[in-house]
Each structure stands twice: as structure tokens, then as C-alpha cells.
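Here is a friendly tour of a protein chain, taken one topic at a time. Keep the structure open beside the text and look up each residue as it comes along.

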Amino acid sequence: MTNEDSQEFEVFFKQNLVFRDVEYPDVSTFFRRIADLLEAKGYVQPTFYQAIAEREANYPTGLQTASVGVAIPHADPVNLKKPFISVVRPKDPIEFSPMGGSQNDPKVKASIIFVLGVTRDGLQVKVLQKLMAMLSDERLTKALLHAESDRRILEIIERFFIDTKASVS
């Protein structure tokens with residue numbers, strides 16, 4: 001565990017940015033609602049909705065892991081006010097176009113969504129690497145899917161961010 005890893009976790013993850021079991025009929029509605037929530041909490045500019053919707057249309061972020069579909073949508077830092085990562089576990093999976101694919105490829109049914117608000121380019125790469133490593137651990141993704149509280153979701157993520165060799169217990 002490094003102090004830097006602990007600080008990264010504390011800068012990005014907040015319990016009031018974890019949303020479980022919320023219904024979103026489609027990805028457009030999801031982006032509208034999450035942009036409104038993040039703007040109301042002071043994390044994003046009014047331009048965020050348009051920016052994240054356009055970025056997702058041009059550079060899809062759906063990713064099918066071994067056990068679960070995930071998405072990691074984000075927008076240019078100019079649309080942010082302060083850094084964050086929002087963790088969303090919708091009631092029903094939301095369809096995202098696959099990362100590296102096209103709009104015509106089969107959709108990824110995302111059951112876990114990390115909305116990234118990373119304000120520095122170099123840090124975004126580092127955070128994405130950690131998220132990808134975490135999402136490649138089937139036990140961790142299953143634990144995130146079945147966590148019964150916002151606090152538990154953050155505990156699972158924190159353990160991994162601070163110690164990538166941590167186990168789920």
C-alpha cells in the first residue's frame with residue numbers, strides 16, 4: 001500500500017456518488033440523469049451531458065469481462081469542475097456499444113458502470129489501468145454485483161486500489 005494509492009482513492013471515490021438499483025431505460029437517459037446529478041453535486045459543468053454522450057457515440061466504452069458487462073464512460077476534463085469516479089450499478093443492465101467496436105456490433109449489457117471524471121491526462125491512464133485490472137478479477141466483479149450497500153461497494157474498490165493483491169472477504 002502506498003500513500004499515493006490511498007490519496008487517489010480518497011480524491012475520486014465518494015459514497016454519495018455510488019448509485020445502486022436505479023432504473024435507466026437506455027443509455028441516453030442514463031447519461032442525462034447522471035449528468036444532472038453530478039452537476040447538482042458540483043462535479044461537472046453544464047456541458048457534461050453533451051460531452052459524455054458525444055464521446056460515447058464516437059469512442060464507445062462497453063466492455064464484456066469474463067463475468068459481467070461494464071462501461072467506463074467519460075468526457076474531456078474541460079467539462080469537469082472537480083475529480084470523481086461515480087459507481088453505478090443499475091437495476092437492469094444498460095446497453096453500451098463495445099469498446100473498440102462500432103455502433104453496429106452486439107451491445108454490451110453493462111451491470112457496473114464507472115463514470116470517470118479525471119482532470120489530469122496522466123492520472124486518467126493510471127486510474128483506467130487500475131479499473132481494468134480490478135474488472136479482470138472475476139471474484140471482485142461478482143462481489144461488486146452482489147454488494148448490499150454503497151459502503152460495501154466502496155470497501156471492495158478501496159481494498160483493490162490500495163492493495164491490488166487484496167482479496168474479497
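## The largest cavity

Helices H2 and H3 each supply at least two residues of the lining of the largest cavity. Helices here are DSSP runs of H or I with at least four residues, strands are runs of E with at least two, and both are numbered from the N terminus. H2 gives the most to this lining, with four residues. The lining is made up of Arg32, Ala35, Asp36, Glu39, Val44, Gln45, Pro46, Phe48 and Tyr49. By class, that makes five nonpolar, one polar and three charged residues. (Ala, Val, Leu, Ile, Met, Phe, Trp, Tyr, Cys and Pro count as nonpolar, Asp, Glu, Lys and Arg as charged, and the others, Gly among them, as polar.)

The volume of the largest cavity is about 30 Å³, and the count comes to one cavity of 30 Å³ or more. On a 1 Å grid over the protein atoms alone, a cavity is a set of points where a 1.4 Å probe fits but cannot get out, while a pocket is an open set with protein on both sides within 12 Å along at least five of seven lines; lining residues have an atom within 4 Å of a point. Grid points are joined across faces, edges and corners, and a volume is the space filled by probe spheres set on the points.

## About the model

This is a predicted model, in which local features need pLDDT of at least 70 and side-chain atom pairs count only at pLDDT 80 or more, while totals for chains, interfaces and linings use all residues. Residues are numbered from 1 along each chain as its sequence is written, and side-chain values use heavy atoms, with hydrogens and water left out.

## The largest pocket

Now for an open space. The largest pocket holds about 150 Å³. Which residues line the largest pocket? They are Val27, Phe31, Ala53, Glu56, Ala57, Pro60, Glu95, Phe96, Ser97, Gln103 and Lys107. Helix H2 (27–40), helix H3 (48–58) and strand S5 (94–96) each supply at least two of the lining residues. The largest share, three residues, comes from H3. Sorted by class, the pocket lining has six nonpolar, two polar and three charged residues.

## Rings that meet

A search of the whole structure finds eight aromatic pairs. Phenylalanine 9 and phenylalanine 13 form a stacked pair, because their ring centres are 5.0 Å apart and their planes are at 20 degrees. (Rings of Phe, Tyr and Trp, using its six-membered ring, pair if their centres lie within 6.5 Å; planes under 30 degrees apart count as stacked, over 60 as edge-to-face and the rest as tilted.) Phenylalanine 13 also forms an edge-to-face pair with phenylalanine 161, with 5.2 Å from centre to centre and 75 degrees between the planes. This pair links distant parts of the chain, 148 residues apart: phenylalanine 13 is in the loop between helix H1 (3–12) and strand S1 (18–20), and phenylalanine 161 is in helix H6 (residues 150–162).

Is phenylalanine 9 buried or exposed? At 7% relative accessibility, phenylalanine 9 is buried. (Buried means under 20% relative accessible area, exposed over 50%, and partly exposed in between, using a 1.4 Å probe and protein chains only.) Phenylalanine 13 is buried too, at 5%. Elsewhere, ring pairs link Tyr24, Phe30, Phe31 and Phe96 into a cluster.

## Charges over rings

Arginine 32 lies over the face of tyrosine 49, at 4.1 Å from the ring centre. Lysine 82 lies over the face of tyrosine 43, at 4.6 Å from the ring centre. (A charge sits over a ring if NZ of Lys or CZ of Arg is within 6 Å of the ring centre and within 35 degrees of the ring normal.)

## The nonpolar core

The largest nonpolar core has 28 residues, and those with the most contacts inside it are Phe13, Phe114, Leu131, Met134, Leu144 and Ile157. (A nonpolar core is a set of buried Ala, Val, Leu, Ile, Met, Phe, Trp, Tyr and Cys residues joined through side-chain atoms within 4.5 Å.) H1, strand S4 (84–89), strand S6 (108–117), helix H4 (121–135), helix H5 (138–146) and H6 each supply at least two residues of this core. H6 gives the most, with six residues.

## Out at the surface

Alanine 40 is found in helix H2 and counts as exposed, at 71% relative accessibility. Asparagine 58, in helix H3, is exposed as well, at 55%. Aspartate 21 sits in the loop between S1 and H2 and is partly exposed, at 45%.
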